[in-house]
Amino acid sequence: MRLRLVPLFCGFLALAGCSSLFSLPNNHPATINELVSRYVAASNAHDVAAMNALLHPKSLACITPENRDFYDRAVEVSMREPIASNYHFTDTTLTGKEPLPLNGYGTFPVPPTHQIQIEYSSGAENSGTFIFWLVSENGRWYKDDPCINGSIIKQFHEDLPNIKARGEATKALVGQIQEPLLSELKSLLKAGKSATASRRYAEATGKDPDTSLAVIEEMEFELRQQKVIQ
């Protein structure tokens, strides 16, 4: 199962453009069901503008020219895996008495009142969970994202060369997979057996579990891009 705390991953859209979205009357969903539906559609379409159109203006204002690369990369990661059509979601009302989520990682400019947890399964082994938060104002629902702490942004910038290097190394390993292992892994991924594919790759190459998982996730992403798998 892959758990993603996706409200952090809100991408960057030019603030002027985003402000115009929020100035439109009734732009935001009137129901939680509608917001979740629009969220899933935006995520599966890799549509950053549509995702940002769900945000509360104060969450959007957290994104600045100095930290936009963090949010850009975060939204790219959060949208890599599609949400299957069999998804269901749970809406939990927050009382205000419990600690706010992500304490120490980010600060909500508007305290969230609802937590949404989307769960889905795809294939024999694959499942995923997405968690984000909402707030309602004037009869409209907004996706409520925290402003990421400056220390986290600083750490990200310091580690960015290593992050990029690991990504390139993973892509290189995918490109090195030869037959018959390549076809075997493709067949497993088409059947939704990414965990089995990761173990099989580790057995065949001697790579550690973390590396094997990263390689299979990258291979799965590339096959989706090529329309080989859904």
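**Figure 1. Glu203 and its salt bridge with Arg200.** In this predicted model, Glu203 is exposed, with a relative accessibility of 62%. The closest N and O atoms of Arg200 and Glu203 are 3.9 Å apart; a salt bridge is counted within 4 Å. Both residues belong to helix 8 (residues 194-205), and because they are three residues apart there, about one helical turn separates them. Glu184 also takes part: salt bridges with shared partners join Glu184, Arg200 and Glu203 into one network.

**Figure 2. The salt bridge between Glu218 and Arg80.** The two side chains meet with an N to O distance of 2.9 Å. Glu218 is buried, with a relative accessible area of 9%, while Arg80 is partly exposed, at 22%.

**Figure 3. The salt bridge between Lys143 and Asp145.** Here the closest N and O atoms are 3.1 Å apart. Are these two residues buried or exposed? Both Lys143 and Asp145 are buried. A search of the whole structure finds nine salt bridges, including this pair.

**Figure 4. The disulfide between Cys62 and Cys147.** A disulfide is a covalent bond between the sulfur atoms of two cysteines. The structure has one disulfide by the distance rule used, and the S to S distance between Cys62 and Cys147 is 1.7 Å. The link is left-handed, with -50° about the S-S bond. Cys62 sits in the loop between helix 4 (57-60) and helix 5 (68-78), and Cys147 in strand 7 (residues 147-148); the pair links distant parts of the chain, 85 residues apart. Cys62 is buried, with a relative accessible area of 10%, whereas Cys147 is partly exposed, at 23%.

**Figure 5. The second largest pocket.** The volume of this pocket is about 260 Å³. Which residues line the second largest pocket? The lining consists of Asn44, His46, Met79, Arg80, Glu81, Pro82, Phe221, Arg224, Gln225, Lys227, Ile229 and Gln230. These residues divide into four nonpolar, four polar and four charged. Helix 9 (residues 209-225) gives the most to the lining, with three residues. Arg80, one of the lining residues, is also the salt-bridge partner of Glu218.

Note on methods: Residues numbered from 1 in each chain as written. Predicted model: local features only at pLDDT ≥ 70, side-chain atom pairs only at ≥ 80, totals over all residues. Heavy atoms only, no water. 1 Å grid on protein atoms, 1.4 Å probe; cavity = no way out; pocket = protein on both sides within 12 Å on 5 of 7 lines; lining within 4 Å. Points joined across faces, edges and corners; volume = space filled by probe spheres on them. Helix = DSSP H or I, 4+ residues; strand = E, 2+ residues; numbered from the N terminus. Nonpolar A, V, L, I, M, F, W, Y, C, P; charged D, E, K, R; others polar. Disulfide = S-S within 2.5 Å. Buried < 20%, exposed > 50% of the residue type's maximum accessible area, 1.4 Å probe, protein only.
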